[in-house]
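Trainee: Could you take me closely through the salt bridges of this model, and then through the parts of the fold around them?

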Amino acid sequence: MSLRPVTEDDLGMFRRFMTDPEPAGPAWPGFRDAQAPARRFAADGYLGADDGRLVVAVDGVAAGYVSWVARGSSLSRHWEIGIGLLPDLRGRGVGWRAQAMLCDYLFAQTPVQRIEALTHPENVGEQKSLEKAGFTREGVLRSLEFRAGRWRDAWLYSRLRDDPAPRP
């Protein structure tokens with residue numbers, strides 16, 4: 001398993017996440033602009049100063065992606081990360097390893113002290129994945145987002161630069 005930069009061949013997978021509810025499952029935010037991935041790839045290859053995306057590859061085949069976006073102010077900047085895995089790769093240890101690898105990458109390449117991740121209270125698989133990747137649950141953000149016709153809470157997790165690395 002590896003993380004790698006996005007290539008043009010990956011854009012079909014990104015469009016699928018934006019136009020097909022199955023890959024995202026209950027976290028699907030609704031239909032999105034299917035041409036947005038091509039525009040973003042043309043702009044910066046998904047490697048911007050304030051956000052980015054890498055492909056999760058399993059045996060050389062794209063299995064999903066990890067992403068990050070800057071949060072906070074210029075004095076206390078941190079990253080918020082996310083992941084999208086194709087359904088047939090879930091529950092096989094790919095997610096937590098990809099998120100741990102992304103944290104290692106971001107801590108090595110940027111000066112941030114903190115990386116955050118959010119998940120829904122009912123997403124037990126992602127909660128376990130984040131904990132295996134070295135994250136600590138900090139609390140609940142009430143009514144953070146509107147999805148599937150209602151306001152939903154999110155659980156906040158964090159990993160600090162000084163936290164112990166996850167064990168394989």
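Mentor: A salt bridge here is a side-chain nitrogen of Lys or Arg within 4 Å of a carboxyl oxygen of Asp or Glu. The model is a predicted one, in which local features need pLDDT of at least 70 and side-chain atom pairs count only at pLDDT 80 or more, while totals for chains, interfaces and linings use all residues. Residues are numbered from 1 along each chain as its sequence is written, and side-chain values use heavy atoms, with hydrogens and water left out.

The structure holds 13 salt bridges, one of which joins Glu 145 to Arg 147, with 3.4 Å between the closest N and O atoms.

The side chains of Glu 122 and Arg 152 form another salt bridge, at 2.3 Å, N to O. This pair links distant parts of the chain, 30 residues apart, with Glu 122 in the loop between β5 and α5 and Arg 152 in strand β7; these elements are DSSP runs numbered from the N terminus, helices being H or I of at least four residues and strands E of at least two. Glu 122 is partly exposed, with a relative accessible area of 44%, but Arg 152 is buried, with 5%.

To place that link in the sheet, note that two strands pair if DSSP finds at least two bridges between them. Strand β5 (residues 114-119) pairs with β7 (residues 150-160) in the antiparallel sense over six bridges, and Thr 119 has Trp 155 in β7 as its bridge partner. Both belong to an open sheet of seven strands with mixed pairing, in the order β1-β2-β3-β4-β5-β7-β6. The edges are β1 (2-4) and β6 (136-147), each with a single partner strand, so one side of each lacks a neighbour in the sheet.

Technical notes: Buried means under 20% relative accessible area, exposed over 50%, partly exposed in between (1.4 Å probe, protein chains only).
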